[in-house]
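Me: I've got a structure open and want to talk it through with you. Can we start with one of the helices?

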Amino acid sequence: MVAAVRRGDSLRTVAQSFRVALRTVQRWVERAKGRRLDRVDWSPHSRRPHGSPMRTSDELQARILTLRRTLKDESALGEYGAAAIRRALVENCWPNVPAERTIHRILERRGALDGQRRVRRAAPAPGWYLPDVASQCAELDQVDLVEGLVIRGGTEVEVLNLVSVHGGLIGCWPAAPYKAAMVRARLLEHWREFGLADYVQFDNGTVFLGPSNHPDVIGSVCRMCLSLGVTPVFAPPRETGFQAAIESLNARWQAKVWARFEHVSIEALEAQSDRYVEASHKRAAVRIDGAPIRRPFPGPDDWRLTKAALQAKPQGRLVLIRRTDDKGAATVLGRDYQVDVNWPNRLVRVELSLTEGHICFYALRRRAPEQQQLLRQTQYALPDRKFRIDDFEDEG
């Protein structure tokens with residue numbers, strides 16, 4: 001462009017020829033003024049000003065750092081933060097004292113702050129406390145009850161919700177207050193249609209775990225799961241995160257079904273809930289297909305839920321997530337077990353093998369979910385006593 005101008009072309013003609021603004025041609029011609037083209041610095045120059053009139057002077061910045069050290073060692077109050085430094089500058093009649101936030105930025109830029117930023121670590125994988133679930137080799141169904149709902153007129157309602165961790169497959173069943181027999185029927189209905197998960201997780205309610213008036217009691221819901229080869233998992237009491245998936249479904253169901261419509265009966269509420277579940281399955285179809293494969297439900301000739309089957313001594317594996325006390329002990333099915341004195345107030349995965357007759361305690365850490373060290377193994381035998389089931393009807 002400069003060479004064309006020097007050959008005699010007008011600035012506007014050159015700008016049109018090179019398809020640039022006229023000001024661009026003027027800028028480069030001005031830079032090359034009076035010099036040979038091979039001696040001109042054609043590199044782009046920053047438009048940033050060489051200095052800022054509002055910039056804190058180097059002298060004042062050095063004074064701020066010196067004041068911080070002095071206040072830290074000699075201040076009677078023991079305060080040496082930005083507010084204390086600004087007060088000291090004002091008392092010393094320093095001209096143009098900067099704002100407190102400016103002083104804080106100077107300290108931060110010079111690395112003169114004692115506070116440490118909180119380290120944000122990535123959340124562990126869903127089901128991280130079960131290695132095969134975390135690696136997406138197994139599916140986990142989370143189950144929970146929503147209580148305290150009342151239809152106008154005084155009809156009490158509870159909702160049994162279920163969601164698979166990897167597939168997002170849900171089930172929602174509103175009904176009158178739930179008993180163990182109703183929970184068993186709903187789970188069987190869902191598993192017959194969609195297949196068996198490898199694990200099913202509950203909270204520690206008696207409807208799921210069983211009555212707590214005696215130690216070593218396993219409830220009928222848990223016994224049914226064991227007879228089907230589904231491993232029951234019980235989340236730790238008063239701990240957040242372990243029931244995140246099902247708690248999220250509980251909140252969604254209450255917002256999108258319960259609070260969104262006026263329900264005149266449990267039947268109307270159930271119909272609306274079924275619509276929501278069906279729509280949810282359609283939306284999550286791709287995720288459901290990509291989840292770990294669920295085992296087919298056994299046929300009537302291979303398995304049938306009977307009273308005798310529930311009263312039989314359970315076999316299989318039971319998993320409980322617990323937190324040890326300050327002495328490193330954990331409570332399992334109403335009994336205290338000493339785990340490890342060097343693991344106090346920490347999470348453990350308790351694997352109770354009813355078939356092999358032992359309990360294993362594994363250390364759990366959210367920061368290192370892949371490291372689950374075996375802390376202790378001890379013998380265990382479920383007492384041989386009759387399990388009582390009231391109001392039972394054989395379920396196919």
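Me: Which residues of α10 are buried?
Reply: Ser220, Val221, Cys222, Arg223, Met224, Cys225 and Leu226 are the buried ones in α10. Bear in mind that this is a predicted model.

Me: Why is α10 described as largely enclosed?
Reply: Because seven of its eight residues are buried, α10 is largely enclosed by the rest of the structure.

Me: What follows α10?
Reply: Gly229 comes after α10, and its phi is positive, near 80 degrees.

Me: Fine for a glycine. Which residue other than glycine has a positive phi near 60 degrees?
Reply: Gln136 does, with phi near 60 degrees. Gln136 sits in the loop between α7 (131-134) and β1 (140-151). Asp216 is another non-glycine with a positive phi, about 60 degrees in its case. Asp216 belongs to the loop between α9 and α10.

Me: Are those two buried or exposed?
Reply: One of each. Gln136 has a relative accessible area of 54%, so it counts as exposed, the cut-off being over 50%. Asp216 is at 6%, so it counts as buried, which takes a value under 20%.

Me: How do the lining residues of the largest pocket divide by class?
Reply: 14 are nonpolar, seven are polar and eleven are charged.

Me: What about the volume of the second largest pocket?
Reply: The second largest pocket comes to about 280 Å³. It is lined by 18 residues, and Leu209, Arg322, Thr331, Leu333 and Gly334 are the closest to its centre. The elements that put two or more residues into this lining are α9 and β6 (317-323).

Me: And its lining by class?
Reply: Seven nonpolar, seven polar and four charged residues line the second largest pocket.

Me: Now rings. How many aromatic pairs does the count come to?
Reply: Eight aromatic pairs. One of them is Trp128 with Tyr129, an edge-to-face pair at 5.9 Å centre to centre and 80 degrees between the planes. Both Trp128 and Tyr129 are buried.

Me: What cluster do ring pairs link Trp128 and Tyr129 into?
Reply: A cluster with Phe242, so the members are Trp128, Tyr129 and Phe242, joined through rings that pair when their centres lie within 6.5 Å.

Me: And is the pair of Phe202 and Phe208 stacked or edge-to-face?
Reply: Stacked, with 4.8 Å between the centres and 20 degrees between the planes. Phe202 has a relative accessibility of 0% and counts as buried. Phe208 is buried too, at 2% relative accessible area.

Me: Which charged end sits over the ring of Trp343?
Reply: That of Arg346, 4.3 Å from the ring centre. There's also Arg349, which lies over the face of Tyr362 at 4.4 Å from the ring centre.

Me: New topic: Asn250. Where is it found?
Reply: Asn250 is in helix α11, residues 244-258. Its relative accessible area is 4%, so Asn250 is buried.

Me: Which residues does Asn250 touch?
Reply: Leaving out residues up to four places away in sequence, Asn250 touches Asp144, Val146 and Asn161.

Me: Last one, Ala15. Where is its place?
Reply: In helix α2, residues 11-18. Ala15 is buried, with a relative accessible area of 5%.

Me: What is Ala15 in contact with?
Reply: Val20, Ala21, Leu22 and Val25, leaving aside neighbours within four places in sequence.

Me: And how many Å apart are Ala15 and Ala329?
Reply: 83 Å, C-alpha to C-alpha, with 314 residues of separation in sequence.

How values were computed
Residues numbered from 1 in each chain as written. Predicted model: local features only at pLDDT ≥ 70, side-chain atom pairs only at ≥ 80, totals over all residues. Heavy atoms only, no water. Nonpolar A, V, L, I, M, F, W, Y, C, P; charged D, E, K, R; others polar. 1 Å grid on protein atoms, 1.4 Å probe; cavity = no way out; pocket = protein on both sides within 12 Å on 5 of 7 lines; lining within 4 Å. Points joined across faces, edges and corners; volume = space filled by probe spheres on them. Helix = DSSP H or I, 4+ residues; strand = E, 2+ residues; numbered from the N terminus. Phe/Tyr/Trp six-rings, centres within 6.5 Å; stacked < 30°, edge-to-face > 60°. Buried < 20%, exposed > 50% of the residue type's maximum accessible area, 1.4 Å probe, protein only. Lys NZ or Arg CZ within 6 Å of the ring centre and 35° of its normal. Contact = heavy atoms within 4.5 Å.
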